[in-house]
Amino acid sequence: MSADRHETTFEVNGIGRCFTGEPATRLSDVLRNALGLTGTKLGCDRAECGACTVLVDDVPRYGCSVLTHSVRTKRIQTIEGLAAADGTLHPVQQGVVEEQGFQCAFCMSGFIMATVGYLKKHPNPTREELAHGVSGNLCRCQDYDKILTALHRGAELSRGVTRG
């Protein structure tokens, strides 16, 4: 291995992975290009839009601003790793489906991952708290009311709230 290439091992969606490359390689690039996990979208490439949000040890992070060598031995979760092995959607994903929360859906995986991460520390948010919790994510279509309705429904489903 040359001096400018490093080996980094980490876990992605429960599977141990190894990446050999330049230390300055962005996590979003490794996920998309080396591992084929294209649910992590690249929007702005400047850590401003949130389309590339993934969970790093359960904390939402912009994949475009995380260097791969910094996630050595950490757990990464992407949108592809949310659904159960049998295909059952994560409650936040199910909330998005029930409420038809996105127009073009380019930003959807980032919003979902930000919500899942937020709910780990704040399992019973109000709509306003959830809006604040995902405020680092932007939508080009700008239908934030519909998005928040869907994400809040996902929070309800995460808590087992059913509608009568």
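Which helix lies across S3, S4 and S5, running at about 30° to S3? It is helix H3, residues 108–121, where helices (H or I, at least four residues) and strands (E, at least two) are DSSP runs, numbered from the N terminus. The angle is taken between axes that are lines fitted to C-alpha atoms, for helices over the stretch in contact, and such angles run from 0 to 180 degrees between N-to-C directions.

Before going on, note that this is a predicted model, in which local features need pLDDT of at least 70 and side-chain atom pairs count only at pLDDT 80 or more, while totals for chains, interfaces and linings use all residues. Residues are numbered from 1 along each chain as its sequence is written, and side-chain values use heavy atoms, with hydrogens and water left out.

**The sheet**

Select the strands next: 5 of them form an open sheet of mixed pairing, in the order S2-S1-S5-S3-S4, two strands being paired if DSSP finds at least two bridges between them. At the edges are S2 and strand S4 (59–62), each of which pairs on one side only. From one strand to the next, the twist averages 40°.

Show H1 (residues 27–34) and colour Leu27, Ser28, Val30 and Leu31, which are buried, meaning under 20% relative accessible area, as against over 50% for exposed and in between for partly exposed (1.4 Å probe, protein chains only). Seen down the axis of H1, these buried residues fall within an arc of 170°, so they line one face of the helix; the arc is that of the directions from the helix axis to the C-beta atoms. Their cover includes strand S1 (6–12), strand S2 (15–21), strand S3 (53–56) and strand S5 (75–77). H1 packs on the sheet by touching S1, S2, S3 and S5, and its direction makes about 105° with that of S3; contact here means heavy atoms within 4.5 Å. After the helix comes Gly36, with a positive phi near 75°.

**Helix H2 and its neighbours**

Move to helix H2 (residues 91–99), whose buried residues are Val92, Gln93, Gly95 and Val96. Viewed down the axis of H2, they fall within an arc of 160°, so they line one face of the helix. Which helices do the buried residues of H2 pack against? They pack against H3 and H5. Gln100 follows H2 and has a positive phi, near 45°.

**The rings**

Display the aromatic side chains, among which there are 2 aromatic pairs; rings of Phe, Tyr and Trp (its six-membered ring) pair if their centres lie within 6.5 Å, with planes under 30 degrees apart counted as stacked, over 60 as edge-to-face and the rest as tilted. Phe102 and Phe111 form a tilted pair, 5.8 Å centre to centre with 55° between the planes, and both residues are buried. Ring pairs link Phe102, Phe111 and Tyr144 into a cluster. Select Arg140 as well, which lies over the face of Phe106 at 4.6 Å from the ring centre; a charge counts as over a ring if NZ of Lys or CZ of Arg is within 6 Å of the ring centre and within 35 degrees of the ring normal.

**Glu156**

Finish at helix H5 (residues 144–158), where Glu156 is found. Is Glu156 buried or exposed? Glu156 is buried, with a relative accessible area of 17%. Leaving aside neighbours within four places in sequence, Glu156 is in contact with Val161 and Arg163.
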